[in-house]
Amino acid sequence: MGRATVIERDFLAETPRHRKGLPQGRHTHLLWSGGVRILETLLPGVTDKLLAAGARKISMYSDMITLTSHGWQHRFPGDQFAVMCSRPLLDLVVRNEILATGRIDLKQGHEAIALTGDARRVTGVRVRTLDSGERSAVEADVVVDATGRGSRLSSWMAELGAPPVGQDLVDVGIQYATRIFRAPPGATTGFPAVNLLADHRDRQPGCNGALYPIEDGRWIVTLSGTRGAKVPAREEDFLRFAEELRSPLVADLIRTAEPLTPLYSTHTGTDRRLYPERMRHWPEGLLLFGDSLAAFNPIYGHGLTSAARAAATLDSQLQQGGLDEWSSRRAQQAICEGVDDPWIMAASRDICYVDCRNFATDVRLTSLAPALQRFAEAIAAKAIRAAGVAEMVANVASLTTPQSELGTSEFLSLLQRDRMLPELTEPPLRADELALANLDPSAPRPLV
Ligand SMILES: Cc1cc2nc3c(=O)[nH]c(=O)nc-3n(C[C@H](O)[C@H](O)[C@H](O)COP(=O)(O)OP(=O)(O)OC[C@H]3O[C@@H](n4cnc5c(N)ncnc54)[C@H](O)[C@@H]3O)c2cc1C
C-alpha cells in the first residue's frame, strides 16, 4: 500500500482555527453532495464525523431558500444536498480522518520551493524548513501540486526547462466580505440556508448574499459582488449592502443578530484553468490538483468537490495500474476531464456580467457562448418551478451528474413537458421558520 508525504507550509492546529495559508477559510464554504459522496468513498464515516462536530446537512431545495436570476426557487424535495460548516472545521475533520489511515507523513512548517528532476520526469520536491531555513529534497514517484491558487508551478516548470502550460482566464472581478453572527436559538437547525443571487442579465454589477448555518449555533454571512459592485470593506457598511440586494431577506436576518467576528474581505475569485492535457510532453511523475489546476469563482461552490474528484481519480488510477505501469499523462488527462463541468458552469455564467474580462480561448466562452446561454436561461427559468427539471439541475450543480445529461433527448423532452408551479412572489418560508428567526410574517419582502 502506497504512502504519501504532505508538505504543508503552515503549522496545523488541533482545533478548528483559521490559518495564514488558507485565506479563503474565513468565508462561506459548502461542500456539495457530489463532493460529499466522493469523500465518503475515500474516507468512510467522514460525513457522520462532520455532522457530529456540528456541520449541517442541507437539502439543496427543501432546506435552502434561493433567489435565482429568474426568481424564487420552489422548495422541492430531492437527493442533492450540501454539508455546511466553517472551513477550518471541515479541514480539521477530513485531515484527522486522513491521518488516521496511518499512510501519511505530514511535514508541517515545510515549504515546497522547487521540483527536482527534469522536463521529462519529476523525481521529487525541494523543501525549505520554515523555522530553521534548512533545505532538503524529498524524493517521490509522483508529485502532486496541490498548493492552491498561489501555485508557483509555472516558474518551477520553467526551472526544469519545460514549456509553459496554456491557460484560460475569465475575471469577473468578484469580491467577498464575510462576518459570522450568532443565530437566534434553534435557527441553525430549524431555519433554512439562504442564497440570494444576482440577475446576470440586468447589465449591472452582480450583488449576492449568502447566509449559511455552521457549527456552534452560528450563521456565516458572505456578501459578494462582481466588478463595479461596492462590496463593503467596513463593518458599518455590511448591513446596508445586504439591504440593497434584490431581496432584503439576509438583511432582515442579520439586523438584530450579534456579530461574532470582524469583517473579512477577499478579491480572490478569477476563473482560471490550466491545460496540461494539451502539452505535447508532460513530465512523468507530476500531477496538478485542485485550485492549482483549475480555480473557479467561489459563488458556485465547486472548488472542493473538484479537488475531491481529482483525489478519487488518482486513487482509482493507482488501484488499477499501480505506479509501475502508470502514466502521469493519462491520470492528468482524467483529472482534467473532471474540472471541465465546474469550469464551464462558472465561466459561462461569469462572462454574462458587465465588465467581465474574458481572456478564454474555449469556444464555449466565445463563438458558441450566445447559443449556450440561451439554452441555460431556458433551463434556469423552468428549474425554479418544475420539479423534474429542478432535480436534474441539482444533479448537475452538485457535480453528481455530468452536464452533458442536459443535452440528452430525455432531458429535452422533460424540459418541454414538466409541469410548472405558480411563480413565487415571496421567499418560500413557513410560519414556524419566520417565528424562529424573529421575522415579521406580515412584512412584505418584494424583489427589487
Ligand atoms: C471566498 C471563497 C469561498 C469559497 N467557497 C467555496 C465553497 O463554498 N465550496 C467549495 O467547494 N469551494 C469554495 N471555494 C474554493 C475552495 O476554497 C478551493 O477550491 C479549495 O480550497 C482548493 O483546494 P486546494 O487544496 O487546491 O488549495 P487550498 O485549499 O488553497 O490549499 C493549498 C494549501 O497549500 C499550502 N501551500 C501553498 N503553497 C505551499 C508551498 N509552496 N509549500 C507548502 N505548502 C504550500 C497552503 O498553506 C494550503 O494549505 C471558495 C474559495 C474562496 C476564495
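## Helix packing

Helices α11 and α13 (residues 409–417) pack with their axes 10 Å apart and at an angle of about 55°, the axes being lines fitted to C-alpha atoms over the stretch in contact, with angles from 0 to 180 degrees between N-to-C directions. The two helices are therefore oblique to each other, a class left over once angles under 35 degrees (roughly parallel), over 145 (roughly antiparallel) and 65 to 115 (roughly perpendicular) are set aside.

## Basis of the model

This is a predicted model, in which local features need pLDDT of at least 70 and side-chain atom pairs count only at pLDDT 80 or more, while totals for chains, interfaces and linings use all residues. Residues are numbered from 1 along each chain as its sequence is written, and side-chain values use heavy atoms, with hydrogens and water left out.

## Salt bridges

The whole structure holds 25 salt bridges, each defined as a side-chain nitrogen of Lys or Arg within 4 Å of a carboxyl oxygen of Asp or Glu. One of them joins Asp 171 to Arg 227 at 3.1 Å, N to O, and this pair links distant parts of the chain, 56 residues apart. Asp 171 counts as buried at 19% relative accessibility, as does Arg 227 at 16% (buried is under 20% relative accessible area, exposed over 50%, partly exposed in between, with a 1.4 Å probe and protein chains only).

Another salt bridge connects Arg 218 and Asp 216 at 4.0 Å, N to O; Arg 218 is buried, with a relative accessible area of 19%, whereas Asp 216 is exposed at 61%.

Key:
Helix = DSSP H or I, 4+ residues; strand = E, 2+ residues; numbered from the N terminus.
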